[in-house]
Amino acid sequence: MIITIGRQFGSGGREIGEKVAKLLGYTFYDKEILTMAAEESGFSPAAMEHYDEKPTGSLIYSLYMTGAATSDNLPLNQQLAFAQFNVIRKVAQNDNCVIVGRCADYILREKKNLLTVFLHAPLENRVDNVMKTQGISSRSLAEKTIRKQDKARADYYNFFTHKKWGEAGSAMMSLDTSMMSHDKLAELIAGTVTSFLES
């Protein structure tokens, strides 16, 4: 069983994903995807981190998708993205897992045992979370950081999937993380998986 988690910045996606994986005994992947992709592709971990979920459009990408160009012709950030996508496909073949971000819901859309989740929360709630977790003392700076990160994630997702990031119909479950504790949300998601597997 594969669980993918899309998330607004500051909504607690990584923490909730880790809790879900622990409850179910699944392997958890977030930044771990970057390390594995760097090892398998030969790109540096620093490059993976720098370009993580940051797209740019290009004609060469369109040519690559139609088979008229090779991956070597793609801009670096797109080569790095495809290295991550390859790792996502690989881990999904071998393991029950929770994967955060990086278009995993789209990459694995043909999988039968797949639960796609999108986590969101009101901006004020996310500002509070980011100030606490990132050590930011200014509410305006926290809000600016959130908007920047959300835009980057949306642009990345929309570019590679040709879908709209965060759209209600894009995920099987869409949850407001301000409505209950992260522990309760993790239990809800894990319970959904258990019910699905038992049906």
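Predicted model: local features only at pLDDT ≥ 70, side-chain atom pairs only at ≥ 80, totals over all residues.
Strand 1 and strand 3 run parallel and share four bridges. In that pairing, I2 has C97 of strand 3 as its bridge partner. Strand 1 and strand 4 are also parallel, with six bridges. L119 has L175 of strand 5 as its bridge partner.

## Strand 1 and T4

Strand 1 is mostly covered, with six of its six residues buried. In a regular strand, side chains alternate between the two faces of the sheet. In strand 1, I2, T4 and G6 point one way. I3, I5 and R7 point the other way. Both sets are buried.

T4 sits in strand 1. Its relative accessibility is 2%, so T4 counts as buried, the cut-off being under 20%. What does T4 touch, leaving aside residues up to four places away in sequence? Its contacts are I99, A104, D105, L108, L114, L115, T116 and V117.

Helix 2 contributes I33, L34, M36, A37, E40 and S41 to the contact. Helix 5 contributes A83, Q84, V87, I88, K90 and V91. By class, the residues of this contact are eight nonpolar, two polar and two charged.

## Helix 7 against helix 8

Helix 7 (residues 123-134) and helix 8 pack at about 105°, with axes 9 Å apart. That angle makes helix 7 roughly perpendicular to helix 8. On the helix 7 side, the contact uses L123, E124, R126, V127, D128, V130 and M131. On the helix 8 side, it uses R139, A142, E143, I146, R147 and D150. The residues of this contact are six nonpolar, no polar and seven charged.

How far apart should the ends of helix 8 (residues 139-161) be? At 1.5 Å a residue, its 23 residues should span 33 Å. The end C-alpha atoms are 32 Å apart, which agrees.

Which residues of helix 8 are buried? They are A142, I146, D150, R153, A154, Y156, Y157, F159, F160 and T161. An α-helix has 3.6 residues a turn, so residues three or four places apart point the same way. A142, I146 and D150, which are among the buried residues, also belong to the contact with helix 7.

## Two positive phi angles

Most residues other than glycine have a negative phi. R102 is not a glycine, yet has a positive phi of about 55°. R102 lies in the loop between strand 3 and helix 6 (104-107). Is R102 buried or exposed? Its relative accessibility is 1%, so R102 counts as buried.

H162 is not a glycine either, and its phi is positive at about 60°. This residue comes just after helix 8. H162 lies in the loop between helix 8 and strand 5. At 60% relative accessibility, H162 counts as exposed, because the cut-off is over 50%. Thus R102 is buried, whereas H162 is exposed.

Terms used
Residues numbered from 1 in each chain as written. Heavy atoms only, no water. Pairing = 2+ DSSP bridges. Expected span 1.5 Å × (residues − 1). Buried < 20%, exposed > 50% of the residue type's maximum accessible area, 1.4 Å probe, protein only. Contact = heavy atoms within 4.5 Å. Nonpolar A, V, L, I, M, F, W, Y, C, P; charged D, E, K, R; others polar. Axes fitted to C-alpha atoms, helices over the stretch in contact; angles between N-to-C directions. Parallel < 35°, antiparallel > 145°, perpendicular 65-115°, else oblique.
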